[in-house]
Amino acid sequence: MRDRQQNRQQIVVVTGASAGIGRATAVAFGRRGATVALLARGRAGLEAAARDVEEAGGTAMAIPTDTADHEQVEAAAARVEDELGTIDVWVNVAFTSVFAPFWEISPEEYARVTEVSYLGFVYGTMSALRRMKPRDRGTIVQVGSALAYRGIPLQSAYCGAKHAIQGFHESLRCELLHERSNVHVTMVQMPGVNTPQFRWVLSRLPNKAQPVPPIYQPEIPASAVLYAADHPRRREYWVGGSTVGTLAANAVAPGILDRYLARTGFASQQGDEPRDPDQPVNLWEPADADRDHGAHGPFDDRATDRSYQVWASRHHGLLAGLGAVGATAAVGALASRWRS
Ligand SMILES: NC(=O)c1ccc[n+]([C@@H]2O[C@H](COP(=O)([O-])OP(=O)(O)OC[C@H]3O[C@@H](n4cnc5c(N)ncnc54)[C@H](OP(=O)(O)O)[C@@H]3O)[C@@H](O)[C@H]2O)c1
């Protein structure tokens with residue numbers, strides 16, 4: 001084993017690392033010099049992601065893996081520890097979906113989405129914990145979504161999987177807290193992001209799929225994942241003002257949101273152009289086996305690479321302090337007016 005325990009760089013596993021948020025996350029870890037194991041299926045995507053990580057300054061190992069298969073996930077984890085060393089951080093990102101009304105999705109498609117998008121996270125977490133728990137050290141980050149709390153039309157299988165991850169995450173967190181474990185698990189709830197998913201997820205929509213605006217560039221979620229990996233004691237992170245708005249509105253008035261989404265959710269998830277009937281589909285086989293699709297999707301001209309909410313979330317202690325100072329000053333000013 002090429003063990004690098006002394007003065008070694010962080011060793012990170014990222015599932016779904018060949019595209020989108022996973023790819024941007026792998027590159028961001030690479031930029032800080034980490035050794036990154038890239039798990040996904042498509043060879044062209046994996047090879048290009050490995051090049052990106054190395055160009056960013058990291059070390060990459062691409063391991064073709066279908067995360068719906070727990071034996072493949074376990075074999076990948078074993079290979080990482082054998083050839084690279086102890087896993088410090090495991091990030092679950094890989095997912096797939098079907099864009100269609102519930103009644104247009106077959107049982108087989110539903111099962112496949114659940115196996116990749118829910119059980120893939122479970123299997124990744126199992127393989128990570130199997131190694132981290134005996135050492136009492138390590139961090140697992142689950143890439144979630146605002147849709148882990150709020151179901152939307154045309155994405156029932158995906159929303160079910162994200163809700164399932166949320167429930168499983170809470171149970172596991174309680175169990176680790178009960179044991180006073182130093183293994184930490186945290187979840188990062190994402191907004192709509194400009195990634196390739198909108199051109200390769202199986203779609204039965206008449207028009208081209210799009211994320212519900214506002215759309216963020218994948219580097220924003222990636223930096224949130226790194227921050228969460230560095231500060232994993234918080235149970236979850238919310239990324240983007242739209243995520244905060246959705247989760248808050250859903251907590252207060254879910255029934256109103258049902259009706260709002262019934263009215264707006266079909267149009268807001270589709271552009272004006274008709275869907276290409278020959279667009280690739282990544283449900284059963286990778287769509288990036290022969291062609292790399294990169295981290296970004298087709299919405300560069302509409303996506304933002306800034307989020308003030310992310311900054312605020314990281315500095316909530318500072319903001320609470322400033323808020324308290326501001327409130328004290330306001331009370332003081334009012335009191336002196338009252339006295340004069
Ligand atoms: N984009 C958004 O708007 C958005 C919003 C909220 C949350 N998220 C979350 O962010 C994560 C990534 O989304 P994304 O938009 O970046 O997705 P994406 O662009 O479709 O990329 C998905 C990644 O997962 C891999 N993957 C798919 N099926 C796999 C399988 N069976 N085994 C292993 N890897 C597989 C893909 O590579 P291969 O196909 O080559 O295997 C690819 O690397 C997901 O967990 C999603 O829930 C995204």
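Which elements each supply at least two residues of the shell around the ligand? In this predicted model, they are helix α1, strand β6 (138-145) and strand β8.

**The ligand shell**

The ligand is surrounded by 33 residues, among which G16, G20, R41, G42 and Q197 are the closest. Sorted by class, the shell holds 15 nonpolar and 15 polar residues, together with three charged ones. Of the elements, helix α1 gives the most to the shell around the ligand, its share being three residues.

**Helix packing**

Helix α1, which supplies residues to the ligand shell, also packs against helix α7, and a second pair is made by helices α3 and α4. The table sets out the geometry of both pairs.

| Pair | Residue ranges | Angle between axes | Axis separation | Handedness of crossing |
|---|---|---|---|---|
| α1 and α7 | 20-31 and 219-230 | about 55° | 8 Å | right-handed |
| α3 and α4 | 70-83 and 107-135 | about 35° | 9 Å | right-handed |

On the α1 side the contact is made by I21, A24, T25, A28 and F29, while α7 brings E219, P221, A222, S223, V225 and L226. The residues of this contact divide into eight nonpolar, two polar and one charged.

For the other pair, in which α3 and α4 pack at about 35°, the contact involves H70, V73, E74, A77 and E81 of α3, and Y123, G124, S127, A128 and R131 of α4. By class, the contact of α3 with α4 has four nonpolar, three polar and three charged residues.

Strand β8, which like α1 supplies at least two residues of the ligand shell, belongs to an open sheet of three strands, arranged in the order β8-β11-β14 with parallel pairing. Strands β8 (192-193) and β14 (303-304) are the edge strands, each of them pairing on one side only. Strands of a sheet pair through backbone hydrogen bonds, either in the parallel or in the antiparallel sense. Between β8 and strand β11 (residues 215-216), the parallel pairing runs over two bridges, and V193 has Y216 as its bridge partner in β11.

Notes: Residues numbered from 1 in each chain as written. Predicted model: local features only at pLDDT ≥ 70, side-chain atom pairs only at ≥ 80, totals over all residues. Axes fitted to C-alpha atoms, helices over the stretch in contact; angles between N-to-C directions. Helix = DSSP H or I, 4+ residues; strand = E, 2+ residues; numbered from the N terminus. Left-handed = near helix turned anticlockwise from the far one by under 90°. Contact = placed C-beta atoms within 7 Å. Nonpolar A, V, L, I, M, F, W, Y, C, P; charged D, E, K, R; others polar. Pairing = 2+ DSSP bridges. Near = placed C-beta within 6 Å.
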